[in-house]
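Open the model in your viewer and keep the selection tool at hand. The stops below go from a whole chain to single residues.

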Amino acid sequence: MLKKSRKLNTDSLAKLSASVLAALVGLLLALIILLVCDAKNAMPGFLTLITGGIRKEPLKAIGEILYQATPIMMCGAGIAVAFKASVFNIGGGGQFLIGAFVGIYGAIKWEFLPGPLRWIVPLIAAALSGALWAFLPGVLKAFRNVNIIISTIMMNYLARYMVNSLIKATIFFSAKSETQAIPAEATLPRLGLDKLFPGSSANIGIFISIAICILIWVIINKTTFGYELRACGLNDSACKYAGIKEKRTIVVSIMISGALIALGGALMYMAGTGKGIKVYDTQPAEGFTGISISVLAGNSPLGVILSALFIAFLTVGGQYIQSHGFVKEIVNIVTSSVIYLSAFTLLIRIWFDTMARKRQAKHIQHTEKGE
Amino acid sequence: MTVVYFVAKSCLCFFIPLLVVAVAGLFSEKSGVLNMCLEGIMIIGAFAGTLFMHFMQDRMSGQLLLVCALLVSAAAGLLFTQLHAFAAIKLKADQSISAMALNSFAAAFAIFVARSVTGSQHIAFDNTFRIAKVPLLGDIPFIGEIFFQDAYITTFLGFAIILVTIFIFSKTRFGMRLSACGENPQAADSLGINVYRTRYIALAISGALGGIGGLIYVIPISPTFGGDVYGYGFLAMSVLMLGQWKPVRLLAAAFLFSLIKTVAAGYMSIPFLSDIGLSDNFYKSLPYIITLLVLTFSANRAIGPKAAGQPYDKGRR
C-alpha cells in the first residue's frame, strides 16, 4: 500500500514538474524569438507577455483573462476526456464552430423562450450539436477503423464550409460579413463581473466552465463509466476481454468531447461582446489551443482549469505585446512549444523513477546496517 | 478539348505536390514512424522557399532561383522534421502529439516570422519559373501540350521522385532495410540493422521531400504564401492510406485526389458542373467528403507497416 501511494506521488509529481518545465522552456523560446526579432524591445515585450498585461490595466486584464479562459477551458476539458479513452480528438475546430453557430442561431431566433431559458436552451442545443458532429468520426473509428485524427480534420473543413453556408442562409450580417449580433436578453448574464472588472467581458461562462471541469473529473474518477473509459484508454483488448463494450466507449467519449468543445464555442460567442463568426476559410484556433491545454494539464480535468487560465493569461499578455511592435502569434509559438516539450514528460518520469529507486536502495542498505 | 486541357493542366498542379508529400509520408511510415506533421513540414518548406525567393529574386531569376529555393525548402523541411524524429525516436514520445504540436508550431512560426520580416503575413514572389515550351517534346500532340507547354521543372522532379522511390523500395538494400524497421524492428535489429539510425535517415528524407512538396504546391497556384497549405498534408496522408503504402499505387491514389481537387477548385470553368448550380461551399467540401468516404471503405483493409507509431525500445527485444 505504502509502495503504491509513493509510486502515485512520483507519477503526479513527475507530470506536474514536466508541465511546469514545458511551460518555462516554452516561455524561454518565446524570449529567444523576441530577442532575434527585435533585441531592443524584447525585454519589455517579454515582461508584458509574462505579466499578462496585469501591470497595465489590472482589473480589466483579470476580467479579460477569465473571459478568454472560458472557451479554451471547455476545449481543454473536451480534449482531455477523449484522451482518457486514448482518442485524439483533433476535431475541436469543427465542433467549436458548430456549437458557436447553433448557440448564436438559438439566441437570435428562439424568441419564444421565456426568461433565462433564452440563453440556457441555446447553450444546451450547442452542446448536443457538438456531440452529434463528433458522433460520425467516433462511429467511423469504432466500426470502420478510420484513423480518428484524419477523419476529425476532414470534419473540421466540412464544418467550416457548412457553417459558412448556414450563416449565409440564416443569420448573415452582410456589412461585416459575419453573424448578426445577439439580442441583449439572450446574452450570458454578467453576474456583476462587469462591475468588478470594468471594461472586461467576464461573465457567467467562467463559472459554468469550472463547474463542468469538476463534474468531468468526478465522472472520470468516481463512476463506472469513467473507469471503463480509462480502462479502454490503457488497453482496449484487455477491456474487450473484461466485457466492457470498447466500441461504445470510444463513441461516447468523443461525443462528450464534442459536446464540451461545442459548448465552449457557444459560451464564447454568446458573451455579448459583439463578436460574431466571420465567414472565411480559416479554422478557429481554439480547437488546437484545447490540445495544448489538455496536454499541459496532463489530461486531468482539474489541471485543465489551471492550464486554461495560464494560456488565457499569456493570450491577454500577447494582446498587449502588440504595443511593443510584436505580432500576437508569439503566443501560438509558446503554446505549441509547450505541447512539443510535454514529450519530455516521459524523460522526467524515468528520471524520477530512478531517483526513487536509488533512494529506496539506500534506505534498504541503511536498515540492513542498522540490524 | 479546351476543357480537357484545362482539367489535365490543373490536375497536374495538385497531383505533383500530393504525390511528393505522400512519398514523404511513405518513407517515414515505412520505417515505423507515423508522420502526421506533413502539414507542418509543407508549411515550413513553402515558407523557407518563398522567403528565399522573396529576397533573392532581384539577384537571380528563372530556373536557377527555383532550384535554389527547392534546396532551401528541402533543407528547412529536413531540419524541422528532426524535431519530430528526436521526440519520436529518442524520447519515445507519443508520435501524434508531437506531430500535432509541430503542425501548429509551423503555422504560428511562418506567420510570425513573415510578419516580422516582410511586414505582411503573405510572402510575395515573382513567378518566373514557367517554361513556355520545351523544344521538340512540346510539339507532341496532346501529351506535349499538357506536360511540356507552360510547364514547371517541378513536374518532372515529381515524376523523378516517384520513380526513384519505386526503385529504392523494390530493388535496393536500403529500401528493404527501411521497410524491415517498420514491420518488425526487433527482427531487423537482431540482423544487425541499426533501427534508430535507419529511422532518423527515413525521417530526414521524409522532411526534405515534404519541404519540397510544400514549395511545389504553392508556386503554380498563388503568387504569395500566407502560412497555410489548407490541409494538404492530411490529404497526402489519406493518399498514402488509399495507396496502401505501395509506391506504385500512390500514383493512382494521388491522381484520384487531384481530380477531385480540380473539380472543387475549378468547377466554374467546367461547363456541365457550373450549370448544375450547387453552392461554392459544396465544391470546397468535396475533397474532404470523398476522403472520408474513401477511408470508410478502405481503412479496414488498409494495413500499414506493423510497427508504425510504436517507439522502438531496444530493451524489449
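This is a predicted model: local features need pLDDT of at least 70, side-chain atom pairs count only at pLDDT 80 or more; totals for chains, interfaces and linings use all residues.

Residues are numbered from 1 along each chain as its sequence is written, and chains are lettered from A and ligands numbered from 1 in the order in which they are written.

**Chain B as a whole**

Helices (H or I, at least four residues) and strands (E, at least two) are DSSP runs, numbered from the N terminus. Along the principal axes, the C-alpha atoms of chain B fill a box of roughly 60 × 45 × 40 Å. The radius of gyration of chain B is 20 Å, which agrees with the value near 20 Å for a compact globule of 317 residues; the radius is taken over C-alpha atoms, and the globule rule is 2.2 Å times the number of residues to the power 0.38.

Of the 317 residues of chain B, 50% count as buried. A residue is buried if 20 or more other C-beta atoms lie within 10 Å of its own, exposed if 12 or fewer, and partly exposed in between, with C-beta atoms placed from the backbone.

**Where chain B touches chain A**

Now show both chains. Contacts join 35 residues of chain B to 34 residues of chain A, a contact being two residues whose C-beta atoms, placed from the backbone, lie within 7 Å. On the chain B side, helices H4 (95–118), H10 (232–242) and H13 (280–298) each supply at least two residues. H4(B) gives the most, with 14 residues. By class, this side of chain B has 20 nonpolar, twelve polar and three charged residues. Here Ala, Val, Leu, Ile, Met, Phe, Trp, Tyr, Cys and Pro count as nonpolar, Asp, Glu, Lys and Arg as charged, and the others, Gly among them, as polar.

**Two residues of H4(B)**

Stay on helix H4 of chain B and pick Arg115(B). Arg115(B) is partly exposed, with 19 other C-beta atoms within 10 Å. Not counting residues up to four places away in sequence, Arg115(B) touches Val327(A), Ser120(B) and Gln121(B).

Next select Asn103(B), also found in helix H4 of chain B. Asn103(B) is buried, with 25 other C-beta atoms within 10 Å. Leaving out residues up to four places away in sequence, Asn103(B) touches Cys37(B), Glu39(B) and Gly40(B).

**A helix pair in chain A**

Move to chain A and select helix H9 (residues 224–234) and helix H11 (residues 246–269), whose axes come within 10 Å and cross at roughly 105°. That makes H9(A) roughly perpendicular to H11(A). Show Glu228(A), Leu229(A) and Cys232(A) in H9(A), which meet Glu246(A), Thr249(A), Ile250(A) and Ser253(A) in H11(A).

Axes are lines fitted to C-alpha atoms, for helices over the stretch in contact, and angles run from 0 to 180 degrees between N-to-C directions. Angles under 35 degrees count as roughly parallel, over 145 as roughly antiparallel, 65 to 115 as roughly perpendicular and the rest as oblique.

**Two loop residues**

Select Asn145(A), in the loop between helix H5 (117–144) and helix H6 (148–169) of chain A. The phi of Asn145(A) is near 55°, a positive value in a residue other than glycine.

Finish at Gln244(B), in the loop between H10 and helix H11 (247–266) of chain B. Gln244(B) has a positive phi of about 50° although it is not a glycine.
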